[in-house]
Amino acid sequence: MNVNGHPQRTIWDEDDGWSIGIIDQTRLPHAFETVTLASVDDAARAIKEMLVRGAPLIGATAAYGVCLALREDSSDAALKQAYDVLIETRPTAVNLRWALDEMITALQQLPLDRRIEAAYRRAGEIADEDVTICSAIGDHGLPLIQAAYKNKKSTAPVNVLTHCNAGWLATVDWGTALAPIYKAHDAGIPVHVWVDETRPRNQGAALTAGELGQHGVEHTVIVDNAGGHLMQHGQVDLCITGTDRTTASGDVCNKIGTYLKALAAHDNSVPFYVALPGPTIDWTLEDGVAEIPIEERDPAEVTWIGGRTEKGTDEAVLISPKDSRAANYAFDVTPARLVTGLITERGVCAASRDGLGALYPEK
Ligand code: MRU
(Lines give C-alpha, C1' and ligand atoms only; values in the text may rest on other atoms or scores of the structure.)
Protein backbone atom coordinates (compact mmCIF):
# COMPACT_ATOMS: atom_id res chain seq x y z
CA MET A 1 0.00 0.00 0.00
CA ASN A 2 1.05 3.63 -0.13
CA VAL A 3 2.75 5.80 2.47
CA ASN A 4 2.63 9.45 1.46
CA GLY A 5 1.87 8.31 -2.09
CA HIS A 6 4.78 5.86 -2.33
CA PRO A 7 4.30 2.07 -2.49
CA GLN A 8 5.59 0.44 0.68
CA ARG A 9 5.75 -3.06 2.14
CA THR A 10 6.16 -3.73 5.84
CA ILE A 11 9.34 -5.81 5.42
CA TRP A 12 11.99 -5.79 2.71
CA ASP A 13 15.55 -6.80 1.73
CA GLU A 14 17.91 -3.88 2.25
CA ASP A 15 20.24 -2.79 -0.58
CA ASP A 16 23.24 -4.51 1.03
CA GLY A 17 21.67 -7.81 -0.04
CA TRP A 18 21.41 -9.36 3.42
CA SER A 19 19.96 -7.13 6.16
CA ILE A 20 16.22 -6.64 6.50
CA GLY A 21 14.21 -3.42 6.71
CA ILE A 22 11.05 -2.97 8.74
CA ILE A 23 8.79 -0.12 9.80
CA ASP A 24 8.98 0.61 13.54
CA GLN A 25 5.24 0.36 14.20
CA THR A 26 5.64 1.52 17.80
CA ARG A 27 6.36 5.01 16.40
CA LEU A 28 3.19 5.20 14.27
CA PRO A 29 1.07 7.17 13.63
CA HIS A 30 3.12 10.21 14.58
CA ALA A 31 6.46 9.18 13.07
CA PHE A 32 7.33 6.94 10.13
CA GLU A 33 10.68 5.37 11.00
CA THR A 34 12.39 2.34 9.57
CA VAL A 35 14.76 -0.02 11.37
CA THR A 36 17.36 -2.40 9.97
CA LEU A 37 17.50 -5.94 11.37
CA ALA A 38 21.04 -7.36 11.24
CA SER A 39 20.87 -10.42 13.52
CA VAL A 40 18.44 -13.03 14.73
CA ASP A 41 18.34 -11.20 18.06
CA ASP A 42 17.28 -8.01 16.26
CA ALA A 43 14.45 -9.96 14.60
CA ALA A 44 13.36 -11.55 17.88
CA ARG A 45 13.39 -8.17 19.64
CA ALA A 46 11.39 -6.56 16.83
CA ILE A 47 8.68 -9.22 17.24
CA LYS A 48 8.68 -9.27 21.04
CA GLU A 49 8.62 -5.50 21.44
CA MET A 50 6.05 -5.18 18.64
CA LEU A 51 8.01 -3.06 16.20
CA VAL A 52 6.41 -5.59 13.88
CA ARG A 53 3.15 -7.26 14.84
CA GLY A 54 0.15 -8.94 13.27
CA ALA A 55 0.20 -12.69 12.66
CA PRO A 56 1.36 -12.75 8.99
CA LEU A 57 4.08 -10.13 9.49
CA ILE A 58 5.34 -11.89 12.61
CA GLY A 59 5.72 -15.05 10.48
CA ALA A 60 7.60 -13.25 7.70
CA THR A 61 9.91 -11.52 10.20
CA ALA A 62 10.70 -14.82 11.89
CA ALA A 63 11.57 -16.36 8.50
CA TYR A 64 14.05 -13.54 7.84
CA GLY A 65 15.34 -13.96 11.41
CA VAL A 66 16.41 -17.49 10.46
CA CYS A 67 18.30 -16.06 7.44
CA LEU A 68 20.14 -13.62 9.69
CA ALA A 69 21.06 -16.41 12.12
CA LEU A 70 22.42 -18.63 9.34
CA ARG A 71 24.64 -15.84 8.03
CA GLU A 72 26.61 -16.11 11.25
CA ASP A 73 26.50 -19.89 11.57
CA SER A 74 24.69 -22.28 9.24
CA SER A 75 25.09 -25.41 11.38
CA ASP A 76 22.18 -27.59 12.55
CA ALA A 77 22.78 -26.32 16.09
CA ALA A 78 22.46 -22.68 14.96
CA LEU A 79 19.30 -23.46 13.00
CA LYS A 80 17.74 -25.03 16.07
CA GLN A 81 18.91 -22.18 18.28
CA ALA A 82 17.32 -19.63 15.90
CA TYR A 83 14.05 -21.60 15.93
CA ASP A 84 14.05 -21.72 19.73
CA VAL A 85 14.75 -18.00 20.14
CA LEU A 86 12.14 -16.92 17.61
CA ILE A 87 9.33 -19.30 18.65
CA GLU A 88 9.49 -17.88 22.19
CA THR A 89 8.82 -14.29 21.10
CA ARG A 90 5.01 -14.35 21.00
CA PRO A 91 2.74 -17.26 21.87
CA THR A 92 -0.62 -16.74 20.16
CA ALA A 93 -0.16 -16.00 16.44
CA VAL A 94 0.35 -19.40 14.82
CA ASN A 95 1.92 -17.97 11.65
CA LEU A 96 5.12 -17.72 13.68
CA ARG A 97 5.33 -21.50 14.11
CA TRP A 98 4.16 -22.06 10.54
CA ALA A 99 6.89 -19.85 9.06
CA LEU A 100 9.62 -21.36 11.23
CA ASP A 101 8.52 -24.88 10.28
CA GLU A 102 8.58 -23.85 6.60
CA MET A 103 12.16 -22.64 7.03
CA ILE A 104 13.26 -25.83 8.77
CA THR A 105 11.67 -27.96 6.04
CA ALA A 106 13.41 -25.94 3.33
CA LEU A 107 16.82 -26.00 5.01
CA GLN A 108 17.51 -28.96 7.20
CA GLN A 109 18.35 -31.45 4.41
CA LEU A 110 20.68 -29.05 2.61
CA PRO A 111 24.47 -29.02 2.92
CA LEU A 112 25.68 -26.12 5.08
CA ASP A 113 27.13 -24.14 2.16
CA ARG A 114 23.74 -23.96 0.41
CA ARG A 115 21.64 -22.98 3.39
CA ILE A 116 22.01 -19.21 3.45
CA GLU A 117 20.95 -18.69 -0.15
CA ALA A 118 18.06 -21.14 0.27
CA ALA A 119 16.95 -19.40 3.47
CA TYR A 120 16.72 -15.97 1.83
CA ARG A 121 14.90 -17.54 -1.13
CA ARG A 122 12.28 -19.24 1.10
CA ALA A 123 11.83 -16.17 3.34
CA GLY A 124 11.33 -14.04 0.23
CA GLU A 125 8.73 -16.50 -1.03
CA ILE A 126 6.91 -16.44 2.31
CA ALA A 127 6.75 -12.64 2.11
CA ASP A 128 5.66 -12.61 -1.55
CA GLU A 129 3.08 -15.36 -0.98
CA ASP A 130 1.59 -13.33 1.85
CA VAL A 131 1.02 -10.42 -0.53
CA THR A 132 -0.67 -12.70 -3.07
CA ILE A 133 -2.79 -14.35 -0.37
CA CYS A 134 -3.92 -11.08 1.17
CA SER A 135 -4.83 -9.64 -2.22
CA ALA A 136 -6.94 -12.76 -2.87
CA ILE A 137 -8.63 -12.35 0.54
CA GLY A 138 -9.56 -8.86 -0.64
CA ASP A 139 -11.01 -10.22 -3.89
CA HIS A 140 -13.11 -12.82 -2.07
CA GLY A 141 -14.32 -10.36 0.56
CA LEU A 142 -15.23 -7.64 -1.93
CA PRO A 143 -18.58 -9.26 -2.97
CA LEU A 144 -19.69 -9.21 0.68
CA ILE A 145 -19.29 -5.44 0.77
CA GLN A 146 -20.85 -5.10 -2.70
CA ALA A 147 -23.87 -7.10 -1.47
CA ALA A 148 -24.17 -4.95 1.65
CA TYR A 149 -24.12 -1.85 -0.54
CA LYS A 150 -26.87 -3.25 -2.78
CA ASN A 151 -28.95 -4.12 0.30
CA LYS A 152 -28.86 -0.55 1.51
CA LYS A 153 -30.89 0.63 -1.49
CA SER A 154 -29.36 4.07 -1.08
CA THR A 155 -26.04 5.72 -1.85
CA ALA A 156 -25.12 5.87 1.82
CA PRO A 157 -21.75 4.23 2.53
CA VAL A 158 -21.49 0.67 3.75
CA ASN A 159 -20.54 0.79 7.42
CA VAL A 160 -17.94 -1.82 8.37
CA LEU A 161 -16.74 -2.25 11.93
CA THR A 162 -13.25 -3.62 12.53
CA HIS A 163 -11.16 -4.34 15.60
CA CYS A 164 -7.42 -4.01 16.16
CA ASN A 165 -5.27 -3.70 13.06
CA ALA A 166 -5.64 -6.35 10.40
CA GLY A 167 -4.55 -4.07 7.60
CA TRP A 168 -1.40 -4.03 5.50
CA LEU A 169 0.69 -3.19 8.56
CA ALA A 170 -0.21 -6.56 10.10
CA THR A 171 0.84 -8.41 6.95
CA VAL A 172 3.45 -7.86 4.23
CA ASP A 173 0.94 -5.90 2.15
CA TRP A 174 -2.85 -5.46 1.65
CA GLY A 175 -3.89 -6.84 5.05
CA THR A 176 -6.53 -9.41 5.92
CA ALA A 177 -9.69 -7.73 7.28
CA LEU A 178 -8.89 -4.46 5.52
CA ALA A 179 -8.09 -6.01 2.13
CA PRO A 180 -11.79 -6.32 1.12
CA ILE A 181 -12.31 -2.73 2.29
CA TYR A 182 -9.44 -1.45 0.13
CA LYS A 183 -10.74 -3.43 -2.85
CA ALA A 184 -14.27 -2.07 -2.32
CA HIS A 185 -12.99 1.49 -2.02
CA ASP A 186 -10.90 1.04 -5.18
CA ALA A 187 -13.98 -0.36 -6.96
CA GLY A 188 -15.87 2.85 -6.19
CA ILE A 189 -18.14 1.51 -3.45
CA PRO A 190 -18.59 4.10 -0.70
CA VAL A 191 -17.27 2.50 2.48
CA HIS A 192 -17.01 3.93 5.96
CA VAL A 193 -15.12 2.06 8.69
CA TRP A 194 -15.80 2.17 12.42
CA VAL A 195 -12.35 1.70 13.91
CA ASP A 196 -12.23 0.26 17.44
CA GLU A 197 -9.38 2.03 19.22
CA THR A 198 -8.32 -1.38 20.61
CA ARG A 199 -6.94 -0.87 24.07
CA PRO A 200 -4.44 -1.30 25.53
CA ARG A 201 -1.97 -0.72 22.68
CA ASN A 202 -4.44 1.12 20.46
CA GLN A 203 -3.59 -0.60 17.19
CA GLY A 204 -6.95 0.56 15.84
CA ALA A 205 -6.52 4.24 16.66
CA ALA A 206 -2.84 4.33 15.78
CA LEU A 207 -2.48 1.91 12.88
CA THR A 208 -5.85 1.11 11.29
CA ALA A 209 -6.97 4.74 11.28
CA GLY A 210 -3.57 5.77 9.90
CA GLU A 211 -3.55 3.32 7.03
CA LEU A 212 -7.19 3.89 6.07
CA GLY A 213 -6.46 7.61 6.02
CA GLN A 214 -3.41 7.10 3.78
CA HIS A 215 -5.62 5.19 1.34
CA GLY A 216 -8.41 7.75 1.46
CA VAL A 217 -10.98 5.47 3.12
CA GLU A 218 -13.59 7.24 5.30
CA HIS A 219 -13.32 6.12 8.91
CA THR A 220 -14.23 7.06 12.46
CA VAL A 221 -12.29 5.98 15.56
CA ILE A 222 -14.53 4.78 18.38
CA VAL A 223 -13.85 3.57 21.90
CA ASP A 224 -13.84 -0.19 22.24
CA ASN A 225 -17.20 -0.19 24.01
CA ALA A 226 -19.14 1.71 21.33
CA GLY A 227 -19.72 -1.08 18.81
CA GLY A 228 -22.74 -2.62 20.55
CA HIS A 229 -24.51 0.72 20.69
CA LEU A 230 -23.84 1.36 16.99
CA MET A 231 -25.15 -2.07 16.06
CA GLN A 232 -28.35 -1.55 18.06
CA HIS A 233 -28.95 1.60 16.03
CA GLY A 234 -28.41 0.06 12.60
CA GLN A 235 -25.12 1.82 12.04
CA VAL A 236 -23.05 -1.26 11.30
CA ASP A 237 -23.75 -3.26 8.12
CA LEU A 238 -21.08 -5.86 8.75
CA CYS A 239 -18.07 -6.55 10.93
CA ILE A 240 -14.78 -7.82 9.53
CA THR A 241 -11.89 -8.66 11.83
CA GLY A 242 -8.64 -10.54 11.49
CA THR A 243 -7.44 -13.52 13.48
CA ASP A 244 -4.14 -14.65 14.94
CA ARG A 245 -5.05 -18.32 15.10
CA THR A 246 -8.09 -20.20 13.80
CA THR A 247 -8.80 -23.78 14.82
CA ALA A 248 -9.71 -26.56 12.40
CA SER A 249 -13.31 -26.21 13.64
CA GLY A 250 -13.45 -22.46 12.90
CA ASP A 251 -12.98 -20.90 16.34
CA VAL A 252 -11.07 -17.65 15.90
CA CYS A 253 -8.57 -16.13 18.30
CA ASN A 254 -8.05 -12.41 17.78
CA LYS A 255 -7.16 -9.26 19.70
CA ILE A 256 -8.84 -8.95 23.08
CA GLY A 257 -12.38 -7.59 22.73
CA THR A 258 -13.20 -9.33 19.46
CA TYR A 259 -15.43 -11.84 21.26
CA LEU A 260 -17.58 -9.06 22.76
CA LYS A 261 -18.05 -7.55 19.29
CA ALA A 262 -19.12 -10.94 17.94
CA LEU A 263 -21.67 -11.30 20.76
CA ALA A 264 -23.08 -7.86 20.03
CA ALA A 265 -23.19 -8.63 16.31
CA HIS A 266 -25.03 -11.89 16.96
CA ASP A 267 -27.57 -10.15 19.21
CA ASN A 268 -28.23 -7.56 16.50
CA SER A 269 -28.15 -9.86 13.45
CA VAL A 270 -25.12 -8.04 12.05
CA PRO A 271 -22.95 -10.36 9.89
CA PHE A 272 -19.60 -11.03 11.56
CA TYR A 273 -16.83 -12.09 9.17
CA VAL A 274 -13.25 -13.02 9.94
CA ALA A 275 -10.53 -12.73 7.29
CA LEU A 276 -7.49 -14.98 7.35
CA PRO A 277 -4.71 -16.48 5.30
CA GLY A 278 -4.28 -20.28 5.25
CA PRO A 279 -1.17 -20.17 7.47
CA THR A 280 -3.30 -18.75 10.32
CA ILE A 281 -5.24 -22.02 10.56
CA ASP A 282 -3.94 -24.32 13.26
CA TRP A 283 -5.07 -27.71 11.98
CA THR A 284 -3.86 -29.36 15.21
CA LEU A 285 -6.51 -27.63 17.36
CA GLU A 286 -10.30 -28.02 17.68
CA ASP A 287 -11.45 -26.10 20.74
CA GLY A 288 -10.08 -22.56 20.64
CA VAL A 289 -11.18 -21.53 24.14
CA ALA A 290 -9.56 -24.54 25.77
CA GLU A 291 -6.51 -24.96 23.59
CA ILE A 292 -5.16 -21.66 22.21
CA PRO A 293 -2.45 -20.08 24.39
CA ILE A 294 -3.45 -16.52 25.23
CA GLU A 295 -0.60 -14.05 25.53
CA GLU A 296 -0.49 -12.08 28.79
CA ARG A 297 1.51 -8.91 28.47
CA ASP A 298 2.99 -6.34 30.83
CA PRO A 299 0.23 -4.81 33.02
CA ALA A 300 1.89 -1.42 32.50
CA GLU A 301 0.36 -1.43 28.99
CA VAL A 302 -3.04 -1.16 30.75
CA THR A 303 -2.15 1.37 33.43
CA TRP A 304 -0.10 3.71 31.25
CA ILE A 305 -1.17 5.33 28.02
CA GLY A 306 1.13 6.99 25.54
CA GLY A 307 0.58 9.62 22.90
CA ARG A 308 1.76 12.90 21.43
CA THR A 309 1.27 16.11 23.36
CA GLU A 310 0.22 19.39 21.78
CA LYS A 311 3.86 20.46 22.08
CA GLY A 312 4.82 17.57 19.80
CA THR A 313 6.56 15.43 22.39
CA ASP A 314 5.72 11.74 22.90
CA GLU A 315 4.77 11.01 26.48
CA ALA A 316 3.15 8.32 28.58
CA VAL A 317 0.83 9.01 31.51
CA LEU A 318 -0.43 6.83 34.34
CA ILE A 319 -4.23 6.45 34.20
CA SER A 320 -4.93 4.37 37.31
CA PRO A 321 -3.86 4.58 40.95
CA LYS A 322 -0.20 3.65 41.01
CA ASP A 323 -0.82 0.74 43.38
CA SER A 324 -3.78 -0.82 41.52
CA ARG A 325 -3.20 -4.22 40.04
CA ALA A 326 -3.85 -4.63 36.30
CA ALA A 327 -4.19 -7.66 34.04
CA ASN A 328 -3.33 -7.62 30.36
CA TYR A 329 -4.82 -10.47 28.33
CA ALA A 330 -3.89 -9.78 24.73
CA PHE A 331 -6.31 -12.06 22.85
CA ASP A 332 -9.66 -13.79 23.19
CA VAL A 333 -11.45 -16.57 21.34
CA THR A 334 -14.67 -16.14 19.39
CA PRO A 335 -16.45 -19.49 19.03
CA ALA A 336 -17.26 -20.55 15.47
CA ARG A 337 -21.01 -20.35 16.15
CA LEU A 338 -20.73 -16.54 16.33
CA VAL A 339 -18.84 -16.22 13.02
CA THR A 340 -20.93 -15.70 9.88
CA GLY A 341 -18.11 -16.73 7.56
CA LEU A 342 -14.36 -16.98 7.10
CA ILE A 343 -12.83 -14.99 4.24
CA THR A 344 -9.76 -16.81 2.97
CA GLU A 345 -7.53 -16.64 -0.09
CA ARG A 346 -9.50 -19.60 -1.48
CA GLY A 347 -12.97 -18.18 -0.94
CA VAL A 348 -15.52 -17.58 1.80
CA CYS A 349 -16.60 -20.56 3.90
CA ALA A 350 -18.58 -21.46 6.98
CA ALA A 351 -16.63 -21.31 10.23
CA SER A 352 -16.63 -25.07 10.67
CA ARG A 353 -14.51 -28.14 10.05
CA ASP A 354 -16.58 -28.88 6.92
CA GLY A 355 -16.33 -25.31 5.65
CA LEU A 356 -12.55 -25.15 6.05
CA GLY A 357 -12.13 -28.73 4.87
CA ALA A 358 -13.89 -27.95 1.59
CA LEU A 359 -11.45 -25.10 0.89
CA TYR A 360 -8.32 -26.90 2.12
CA PRO A 361 -8.96 -30.54 1.18
CA GLU A 362 -5.22 -31.35 1.41
CA LYS A 363 -5.39 -30.70 5.17
O1 MRU B 1 -0.88 -8.00 19.18
P2 MRU B 1 -0.87 -7.73 17.70
O3 MRU B 1 -0.87 -6.30 17.32
O4 MRU B 1 0.22 -8.54 17.01
O5 MRU B 1 -2.26 -8.32 17.28
C6 MRU B 1 -2.46 -8.96 16.13
C7 MRU B 1 -3.42 -8.26 15.33
O8 MRU B 1 -3.06 -7.36 14.60
C9 MRU B 1 -4.82 -8.59 15.41
O10 MRU B 1 -5.19 -9.47 16.37
C11 MRU B 1 -5.33 -8.85 14.04
O12 MRU B 1 -6.67 -8.58 14.07
C13 MRU B 1 -5.03 -10.23 13.51
S14 MRU B 1 -3.50 -10.37 12.66
C15 MRU B 1 -3.90 -9.91 11.02
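## Close-up views of a predicted model

View 1. K153 is exposed, with a relative accessible area of 72% (exposed means over 50%, buried under 20% and partly exposed in between, using a 1.4 Å probe and protein chains only). Look for K153 in the loop between helix 5 and strand 6 (helices are DSSP runs of H or I with at least four residues, strands are E runs with at least two, and both are numbered from the N terminus). Its phi is positive, about 55°, even though K153 is not a glycine. A word on the model: this is a prediction, so local features need pLDDT of at least 70 and side-chain atom pairs count only at pLDDT 80 or more, while totals for chains, interfaces and linings use all residues. Residues are numbered from 1 along each chain as its sequence is written, and side-chain values use heavy atoms, leaving out hydrogens and water.

**View 2. S269, in the loop between helix 9 and strand 12.** Helix 9 here is 258–267 and strand 12 is 272–275. S269 is a residue other than glycine with a positive phi, near 55°. With a relative accessible area of 67%, S269 is exposed.

**View 3. Helix 5 packing on helix 6.** Helix 5 (residues 115–152) meets helix 6 (residues 178–186) at an angle of about 65°, and their axes are 7 Å apart (axes are lines fitted to C-alpha atoms, for helices over the stretch in contact, with angles from 0 to 180 degrees between N-to-C directions). That makes helix 5 roughly perpendicular to helix 6 (the label covers 65 to 115 degrees; under 35 is roughly parallel, over 145 roughly antiparallel, and the rest oblique). On the helix 5 side, the contact uses C134, S135, I137, G138, D139, G141, L142 and I145, while helix 6 brings A179, P180, I181, K183 and A184 (contact means heavy atoms within 4.5 Å). By class, that is eight nonpolar, three polar and two charged residues (Ala, Val, Leu, Ile, Met, Phe, Trp, Tyr, Cys and Pro count as nonpolar, Asp, Glu, Lys and Arg as charged, and the others, Gly among them, as polar).

View 4. The buried ones are L178, A179, P180, I181, Y182, K183 and A184. Their cover includes helix 5, strand 6 (158–162), strand 7 (191–196), helix 7 (203–215) and strand 9 (238–241). After helix 6 comes G188, with a positive phi near 90°.

View 5. P29 sits in the loop between strand 4 (20–23) and strand 5 (34–37). P200 is in the loop between strand 7 and helix 7.

**View 6. R121 in helix 5.** R121 is partly exposed, with a relative accessible area of 48%. From the C-alpha atom of R121 to that of P335 is 37 Å, and the two residues are 214 apart along the chain.
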